[in-house]
Amino acid sequence: MSFEVKNPQGIGERFTIVSAGNDDFLFLPSVTGLYSLPSQLKSELAGFRSDSFLQNLPGEREYQAGIQAFFSDFLASHNAPSTNDVSWPTENKIEDLVLNISQICNLACSYCYADDLNSAGKIMSKSVCQEALDRAYQMSDTGLKSLKFLGGEPTLAFEEIKYAVEYAETICAAEGYRLPSFVIVTNGTKINAEMAQFFASKNFYVLVSMDGPQSIHNLLRPFTGGRGSYSKALDAIVELKKKNVEVAIEAVYTQTHYKNGVSIRCLLDHFLEIGIREMQITLALGTWHGENTQSEIKEVASDFAAAARRCIRSFLTDDPFLLRGIQFVIDGFANKKKNSHVCGAGRTFMAVNYDGAAYPCYLLETSETAYGFVGKEWNEERYALISSKFMENGKEYHDTCKKCWAKEICQSCLGSSFLIDKQISKPPAWFCATQKTLISSVLGEIASALQGEQKEAFLANLSHFLKPRKFEERGEGTIKDQTFDKAIV
């Protein structure tokens, strides 16, 4: 089939072909729309599928400009409302604050990014907690969305965590703000009944670090003396669930997993077996680079995509689970949320160390990116200068990003890529290809689910897992059918 192209010279409408099973769908990002493909178009557009790693590496394919122009005309002829403009922020407002509240750790993880950070061997004082929160709320617009506790091992500063939560509650009560979501990432080895009860009472979202089955977890995450930490992490999960704490697993997938034959599927199977229904599995970008990166990541990207498909399909059943790493795709599609930058580092996100030193992110800590200290020594000019560099690192500043079909939805981690070359830039091409493979897989499965007989169960399960986490919004969330009523045409 040939296309009528009224504007063959123009870039026109960006698009991609996503799939699920034997079904192909057209995704038009400007209207966040998925469209069923007539059978006669499937072969014509087969070269524009985005469900594999190699198809998602940068580069324009033959005839792409002409086909893009065709889809622009298609939208115009169908009076489709365009939402192509990404909402670009004009100034930075802090929404998410991370406190590295304990720069002491009792583990010796093989891939730890925070060895230098933890060498301080210090716990954040209550006065610094107060200064960090005061500064963050001064820099916010309508209050904080999240307050996250990291380390080191943050539970080693449990009294300081309690103080920070109480102080945030005081600020919110005084200013009329909603409470932020309280989040902690812990290795679980120090969790006890008192902590679990506190986390339950304050509606914490607790992420326990577990890198898979016992053998691989103990290899990667031993205590400083060499003994494995798996059993302690599992005990923490049991204790937290006993107290009805919202608990999930945070796992890092590394080259060690890959070289030992431990796949993403192995991790997923294990987490489901121990009763976990929410998990974050992250690719160790900052430590995974070198000569063989592309050939290895090609396999891993396929593995990630299969896990993402499995997650979306689970929403059609009575036993759903959520991979937190694909929530941004669901949000981007369901809520038509468009991301002007790959992450909030340096714009809406700030991290503070035990001594009050503030940075754009806990992975972006160098003398060049240091804001200064959150107390009276704060340097507003320096903060404005550094944060402007992150503002100017938006997708519209990168030629590849500007033309990409995934630019409105995609998210990434500037901090992880910063670990490789210390540059504030977009992530490497192979990581973009991995993310686009993931996004394509999720969109394909969503399109298929919305056409199936279990559509209502699918929407109900999404509502359950994507309910708001903020303190005052604990009721069940809903995803209305009209959110999707024009999703598939």
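View 1. Helix α16, residues 429-451, lies across β1, β2 and β3. Its course runs at about 60° to β1. The model shown here and in the other views is predicted.

**View 2. The three-stranded sheet.** An open sheet is built from 3 strands, ordered β1-β2-β3, with antiparallel pairing. The edges are held by β1 (16-20) and β3 (33-36). Each has a single partner strand, so one side of each is left without a neighbour in the sheet. Ignoring direction, neighbouring strands of this sheet are turned by 35° against each other on average.

**View 3. The β1-β2 pair.** Strand β2 covers residues 23-28. It runs antiparallel to β1, and 5 bridges join the two. Opposite Asp-23 in β2 stands Ala-20.

**View 4. The ten-stranded sheet.** Here 10 strands form an open sheet with mixed pairing. Their order is β10-β9-β8-β7-β6-β5-β4-β11-β12-β13. At the edges stand β10 (322-323) and β13 (372-373). Each pairs with a single strand, so one side of each has no neighbour in the sheet.

**View 5. The β6-β7 pair.** Strands β6 (residues 181-186) and β7 (residues 205-209) pair in the parallel sense. The pairing extends over 4 bridges. Val-206 in β7 is the bridge partner of Ile-184.

Conventions. Residues numbered from 1 in each chain as written. Predicted model: local features only at pLDDT ≥ 70, side-chain atom pairs only at ≥ 80, totals over all residues. Heavy atoms only, no water. Pairing = 2+ DSSP bridges. Axes fitted to C-alpha atoms, helices over the stretch in contact; angles between N-to-C directions. Contact = heavy atoms within 4.5 Å.
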